[in-house]
Amino acid sequence: MNSKSKNGRGSTSDQRDIRPRDAGFEEAVRKGLANAAQDISHGRLARADAICARILEYVPHQHEAWRLRGLIACQSHKLDLAADYLTRSLAAEPDNAQAHCDLGMVYHAMGRHDQALDELAEAVRRAPALAVAYFHLGNVHSARGSFDKAAEAYRLALQYRPDLD
């Protein structure tokens, strides 16, 4: 179901954005995302990725589908792809603290510590009680040899979530 773009040229399927016309469509997207998240938690990465890809066929700017695909790519050790997907998620929803945290985690895994610190700082700025962001900040500071900063970040992570592993 391709349409003409504003400049009169035909659009590609990547540009297709079928907006929800009713609550049933929105509910189907929510259920699909919930199923994908559950599949990720059970290690069914290919199935979760297929769900997210299908959602993105109809709603290309669905930030949570991009974020979940980023997590899937990260768990599959495809860090460049994970960073790309998480960047797309943030382009669609710049205020999403969890996506900033996830991108910071990926940058840390890539050895891009300055970018990791920037994303994780943005995550805690947007969601000051996001314990996992402090945990990842601690990991980055530790990798850089900034052990006092790492200890403070870990302390804050445990303050907000005492059960954090």
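**Legends to close-up views of a predicted model**

**View 1. Packing of helix 5 against helix 7.** In this predicted model, helix 5 (residues 97-109) packs with helix 7 at an angle of about 20°, the two axes lying 10 Å apart. Helix 5 is therefore roughly parallel to helix 7, since angles under 35 degrees fall in that class. The crossing in which helix 5 passes helix 7 is left-handed.

**View 2. Residues at the contact of helix 5 with helix 7.** Helix 5 contributes Q98, C101, M105 and H108 to the contact. From helix 7 come V132, A133, H136, N139, V140 and A143. By residue class, the contact of helix 5 with helix 7 comprises 6 nonpolar and 4 polar residues, and no charged ones.

**View 3. The aromatic pair Y134 and Y160.** The structure holds 3 aromatic pairs. In the pair shown here, the ring centres of Y134 and Y160 are 5.6 Å apart and the ring planes stand at 15°, so the pair is stacked; the stacked class requires planes under 30 degrees apart. Y160, at 36% relative accessibility, counts as partly exposed.

**View 4. The aromatic pair F135 and Y154.** The rings of F135 and Y154 form a tilted pair, with 5.9 Å from centre to centre and 50° between the planes. This pair also links distant parts of the chain: F135 lies in helix 7 and Y154 in helix 8, 19 residues apart.

**View 5. The chain as a whole, for orientation.** The secondary structure of the chain amounts to 8 helices and 0 strands, and the order of elements from the N terminus is α-α-α-α-α-α-α-α. The chain has 165 residues, of which 39% count as buried. Among contacts in the chain with a separation of 6 or more, 43% are made by residues 24 or more positions apart.

Methods: Residues are numbered from 1 along each chain as its sequence is written. This is a predicted model: local features need pLDDT of at least 70, side-chain atom pairs count only at pLDDT 80 or more; totals for chains, interfaces and linings use all residues. Side-chain values use heavy atoms; hydrogens and water are left out. Rings of Phe, Tyr and Trp (its six-membered ring) pair if their centres lie within 6.5 Å; planes under 30 degrees apart count as stacked, over 60 as edge-to-face and the rest as tilted. Buried means under 20% relative accessible area, exposed over 50%, partly exposed in between (1.4 Å probe, protein chains only). Helices (H or I, at least four residues) and strands (E, at least two) are DSSP runs, numbered from the N terminus. Axes are lines fitted to C-alpha atoms, for helices over the stretch in contact, and angles run from 0 to 180 degrees between N-to-C directions. Angles under 35 degrees count as roughly parallel, over 145 as roughly antiparallel, 65 to 115 as roughly perpendicular and the rest as oblique. A crossing is left-handed if the near helix is turned anticlockwise from the far one by less than a right angle, and right-handed if clockwise. Contact means heavy atoms within 4.5 Å. Ala, Val, Leu, Ile, Met, Phe, Trp, Tyr, Cys and Pro count as nonpolar, Asp, Glu, Lys and Arg as charged, and the others, Gly among them, as polar.
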